[in-house]
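Work through these exercises with the model open beside you. Try each task before you read its solution.

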Amino acid sequence: MAEAHQAVAFQFTVTPEGIKLQLSREVLKHIYLSGVTTWRKRAIQFKNGILTEVYPASPSSWLFMVIAIMSSMYARVDPSMGMIDSIKKVLPVSDYLTVQTQTVLSAILFATALWLSLILLLRYTLKALLSYHGWIFEPHGKMSASTKLWMSLVKMFSGRRPLLYSFQAALPRLPVPNIDDTIQRYLESVRPLLDDDQYKQMEIVATEFKKDQAPKLQKYLLVKSWWANNYVSDWWEEYIYLKGRGPIMVNSNFYTMDMLYTIPTHRQAARAGNVVHAILQYRRKLERGEHAPMRALGVVPMCSYQYERMFNTTRIPGLETDYIQHLRNRKHLVVYHQGRFFKVWLYYGGRHLLPSELEQQFQRILNDTTEPQPGELKLASLTAGNRVPWAKARQKYFNDGVNKMSLDVIETAAFFLTLDNEVHGYDPERPRTMDLYAKSLLHGTCYDRWFDKSFNLIVYKNGKIGVNTEHSWADAPIIGHMWEDILATDVFHLGYTEEGHCKGDINKGLTFPSRLQWDIPKACQEIIEGSYAIAKELADDVDFYCCVFDEFGKGLIKKSRTSPDAFIQIALQLAHFRDKGEFCLTYESSMTRMFREGRTETVRSCTIESTAFVRSMEDEACTNEQRLALFRRSAEKHQNMYRLAMTGAGIDRHLFCLYIVSKLLDIESPFLKQVLSEPWRLSTSQTPQHQLNLVDTQKFPKYVGAGGGFGPVADDGYGVSYNVVGENLITFHISSKYSSPETDSHRFGQNIRQAMLDIKALFNQKQKAN
């Protein structure tokens, strides 16, 4: 137990001669180094906080302003037009504040006030510029003179070297759409799904709502939009995520895979060591706000609000609603392996553990042969089942004693790591291996992930990795940003030895990982088993199919002058019609992060135009020219809807907030009730890739991501996530439920593949005809 003694800075014993004090110089040295690191971190955060608050100006510009004002005064020119003299009259004259000192202080105060005024002017000017969205509606590859001028002004007012949160105060607020526009777009979106009688009835209900209830609800929403940073995001987080009482596993959490073709090392502990160290490096820059903000076209900044809760964050269960607990400066990690929970310190002597040190710690856990304590093996299934039993069990059995201490360790950890005993990955000779990989990342065994943590890192026995993310705190692009960074850091910066170990020496002085202790009574074990049973039934019902589509990619699609996203969405409509023989309400997620605290909006991809194209593909009387014309019209419609959603003119978030206001006012609205009850039988999303462009996929074609996915939204529907990788590869992650006789993920995947090829054939025939 030498390591345990090293963790104690001093010891004392009482003897007849008095108290004998023993000090450990080594531990005191580490305590000193930790303190130095903490204060250095605080100093950097303070400095970066100032840089963020005064952006797009800089502290040096304040000094320049002061010098300019002082110089003009010595030249007997008063740039303040008498304001400096007015400030002097307010300041008292004393032995310590002479007339000369008074003049200098007055000049500094005036220069500071002028500097702050200019910052506000720059900020509001930038906000006004960012409120312009005409650029996004211009044809691809073409840019008007006004947009070029606008872009030049945005660059000029954006300053140099912005930090992650530099643009937050300059981002515009999400506008509340006009009621008439929203209802008109809604009716247009449901027209291809309703027959004439159903549509006429919907028009009547919508008209009554617009005339009677909508004006009052809209007024409240406008007031909220003036008062809050974002009129949607807080309600979206609360009502869509935190108030849900069903399992978040499968239904809410989503996953992201490792690189598709390669595994840098097959040593599980080594891969975990490198990846965790890369995550710690990312977290350090994140806490300091040193990451560059994401910018569309390299110019238009995206909101960075969601990054704040990436680490040390846990969703806490409640009886009626959950809440998000976010902490700072926690320096440990919780690791799950074969039914045991371990606490691992991430710092040593005031610094991050090195990759080789982390590998050593993880290997110690892998070598541990102790058995789980009673109730410990499936403890995490509480986070996989219904929320109310978990909330009650947490209050009754984890509210004091050793259980509370251990639970606090998990909930305050930086994130959760599972050292999984399974082997997963992509094997081209056995394509269905990807399906098992996806299911493992989505739900595992239902008790080897802590689904409440902001994210779970999973490292498999063969070195393959993945991540499972809780959805309430952020959306996929945020975790995707980190994931892209750590994969590049792992392979191209940290690397491995020839034997597959992490680079660096072994530190024999590290404290061993400590087991978390539990005292779980039989009654609590029964609750755990109940949650596990519910979670396992849900997990076993998930039918996954991952399709690696390598016939063509965005390179060929762009040559046909079509957006890759529009191409795929139209192909999904064709595939779904062939699969089920009908159209359905389709959800595609788009982001609204060009606005402050923006999250997502819905693009309703099933349109009048797309259904017309799909019917033409099934109509032998139609010519290819007619089909191609209908396809282009459908693609243009989809791109326009996507742009409207991104610029705050979407349908669903506006109607959702109107519904929340109606409930708060106790107003019954048949129209809103109908809208919010409609099932999304086809839920789709594009996995964000290459946000940072850290890897040249042309030079390293094997180092491409496999994307990620999510569970089905409707019991009789499909969930489809797609990842446009490089120029010649698209991956599809398709989920459904075995219990539904209407769905089959593999069948739908084959329909998608054929639909993609059939649309490509239209363009090939067009080229041959020319």
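**Exercise 1.** Classify Asp-196 as buried, partly exposed or exposed, then find its salt-bridge partner.

*Solution.* Start with the cut-offs: buried means under 20% relative accessible area, exposed means over 50%, and partly exposed lies in between (1.4 Å probe, protein chains only). Asp-196 has a relative accessible area of 49%, so Asp-196 is partly exposed. Next, apply the salt-bridge rule: a side-chain nitrogen of Lys or Arg lies within 4 Å of a carboxyl oxygen of Asp or Glu. Arg-191 is the partner, and the closest N and O atoms are 2.6 Å apart. Arg-191 is partly exposed too, at 25%.

A note on the source: this is a predicted model, where local features need pLDDT of at least 70, side-chain atom pairs count only at pLDDT 80 or more, and totals for chains, interfaces and linings use all residues. Residues are numbered from 1 along each chain as its sequence is written, and side-chain values use heavy atoms, with hydrogens and water left out.

**Exercise 2.** Locate both ends of the salt bridge between Glu-376 and Arg-515.

*Solution.* The closest N and O atoms of Glu-376 and Arg-515 are 2.9 Å apart. Glu-376 sits in the loop between helix 12 (355–367) and helix 13 (387–397), while Arg-515 is in strand 15 (residues 514–515). Helices (H or I, at least four residues) and strands (E, at least two) are DSSP runs, numbered from the N terminus. The two residues are 139 residues apart, so the pair links distant parts of the chain. Glu-376 and Arg-515 are both buried.

**Exercise 3.** How many salt bridges does the rule give, and which residues form a network through shared partners?

*Solution.* The count is 35 salt bridges. Shared partners join Arg-245, Arg-315, Asp-322, Arg-387, Asp-452 and Glu-470 into one network.

**Exercise 4.** Find what stands opposite Thr-256 in strand 14 and in strand 20.

*Solution.* Two strands pair if DSSP finds at least two bridges between them. Strand 3 (residues 254–257) runs antiparallel to strand 14 (residues 465–469), with four bridges. There, Val-467 is the bridge partner of Thr-256. Strand 3 also pairs with strand 20 (residues 708–710), antiparallel, over three bridges. There, Gly-708 stands opposite Thr-256.
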